[in-house]
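Welcome, and please open the structure in your viewer. We will walk through it one selection at a time, and each stop tells you what to look for.

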Amino acid sequence: MSSGEGKTVCVTGASGYIASWLVKFLLQRGYTVKASVRDPDDPRKTEHLRALDGAAERLKLFKANLLVEGSFDSAVEGCDGVFHTASPFYHDVNDPQAELIDPAVKGTLNVLNSCAKVPSVKRVVLTSSIAAVAYNGKPRTPEVVVDETWVSDPDFCRASKLWYVVSKTMAEEAAWQFAKDKGMDLVAINPSMVIGPLLQPTLNTSAAAVLSLIKGAQSFPNTTFGWINVKDVADAHIRAFEVPSANGRYCLVESVSHYSDVVNILRELYPDFQLPDKCGDDKPYVPTYQVSKEKAKSLGIEFISLKVSLKETVESLKEKGFISF
């Protein structure tokens, strides 16, 4: 893989979980990183970034807001590539349009508009989600293989009130349309539930899911997710930018596992923990399915196992003071 020396890239939403690892790896590879955050004066958003190796010399922080037109212009100016990771991800929403859908869709178009104005930008890598891939009403059972040709159906998701899924599906759709209209080189990364070590001091949504299991939850959800390590996701973003033949979308799923499997792995790793031993409902377990790894492997991704990822998540939660044992 080529290195980033002499190249400048922008990372939006740089204080986020995936983005923080992306910034770390980019700095390691010699890139100069222009990082956008909503509030550069909030130490919880920036201190962990400023502390990274190479940050003193090659990290520049910019204030930008997804809903303010043109606010990414100065961050994107002079960049060879742009990684757009900024998008809200949480579950309890009162106003899905204002809290999730607008920032995701308008924010993506805002960032792409800034990119379209800057001739030096060679490629844009969009952090999408498996949410934009797998939710189309087609059954997902053990013999079904989801791949990059699947597209979530916003109407199906609206009917099921899957607002985060709607936001990611519409944002990715808008991005492809924009790229097509402008002749822009765009690549999308579609990770599943992202776990692994935290760089930021605050708890993110997916690490919180693991934390709740080990902090005395009475039951585990009857849910099946794809799981992936945050370091593999950050690595995939960089490869998607650096590998000339990278194109289209890349699903990133190391394994598809029901919460009961996750609890069993945690029990094996940490026999002393009080882990939930019953499911949140008495319905049959939501089945697992498969997600093709072929395209991701063509980028050179070697997946970290779910067991290692869970161990790294728990050890990181301990180190950050979210649990003690």
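## Stop 1: a strand in the middle

Begin with Gly 81, whose bridge partner in strand S5 is Arg 123. Helices (H or I, at least four residues) and strands (E, at least two) are DSSP runs, numbered from the N terminus. Before going further, note that this is a predicted model, in which local features need pLDDT of at least 70 and side-chain atom pairs count only at pLDDT 80 or more, while totals for chains, interfaces and linings use all residues. Residues are numbered from 1 along each chain as its sequence is written, and side-chain values use heavy atoms, with hydrogens and water left out.

Now select residues 81-84, which make up strand S4. In a regular strand the side chains alternate between the two faces of the sheet. Here Gly 81 and Phe 83 point one way, Val 82 and His 84 point the other way, and all are buried. Buried means under 20% relative accessible area, exposed means over 50%, and partly exposed lies in between (1.4 Å probe, protein chains only).

Two strands count as paired if DSSP finds at least two bridges between them. Cys 10 has Val 82 of S4 as its bridge partner, and Val 11 stands opposite Phe 83 in S4.

## Stop 2: the whole sheet and its helices

In what order do the 7 strands of the open sheet run? They follow S3-S2-S1-S4-S5-S7-S11, with parallel pairing. The edges are strand S3 (59-63) and strand S11 (248-252), each pairing on one side only. On average, neighbouring strands of this sheet are turned by 20 degrees against each other, direction ignored. For such angles, axes are lines fitted to C-alpha atoms, for helices over the stretch in contact, and angles run from 0 to 180 degrees between N-to-C directions.

Next, show helix H1, which packs on the sheet and touches S1, strand S2 (32-37), S3, S4, S5 and strand S7 (186-191). Contact means heavy atoms within 4.5 Å. The direction of H1 makes about 165 degrees with that of S1. Helix H5 (residues 96-116) packs on the sheet too, touching S1, S4, S5 and S7, and its direction makes about 175 degrees with that of S4.

## Stop 3: the nonpolar cores

A nonpolar core is a set of buried Ala, Val, Leu, Ile, Met, Phe, Trp, Tyr and Cys residues joined through side-chain atoms within 4.5 Å. Which of the 67 residues in the largest nonpolar core touch the most other members? Select Val 11, Val 23, Leu 26, Val 33 and Ile 214. H1 gives this core its largest share, 9 residues. Zoom in on Val 11, whose contacts beyond four places away in sequence include Leu 22, Val 23, Leu 26, Val 33 and Phe 83. A second, separate core has 24 residues, among them Val 93, Val 165, Ala 171 and Cys 251.

## Stop 4: helix H8 and its neighbours

Select helix H8 (residues 205-214). H8 is mostly covered, with 7 of its 10 residues buried. Ala 209, Leu 213 and Ile 214 are among these buried residues. The cover over them includes H1 (17-28), strand S8 (193-195), strand S9 (219-220), H10 and helix H12 (306-319).

Two packed helices are described by the angle between their axes and the distance between the axes. The axes of H8 and helix H10 (residues 259-269) come within 11 Å and cross at roughly 65 degrees. From H8, Ala 209, Leu 213 and Ile 214 meet Tyr 259, Val 262, Val 263 and Leu 266 in H10. Just after H8, look for Gly 216, which takes a positive phi of about 85 degrees.

## Stop 5

Another open sheet has 3 strands in the order S8-S10-S12, with mixed pairing. S8 and strand S12 (255-258) stand at its edges, each with a single partner strand, so one side of each is left without a neighbour in the sheet.

Finally, select Thr 169 in helix H7 (residues 163-182). Is Thr 169 buried or exposed? Thr 169 is buried, with a relative accessible area of 2%. Not counting residues up to four places away in sequence, Thr 169 touches Ala 131, Ala 132, Ser 152 and Pro 154.
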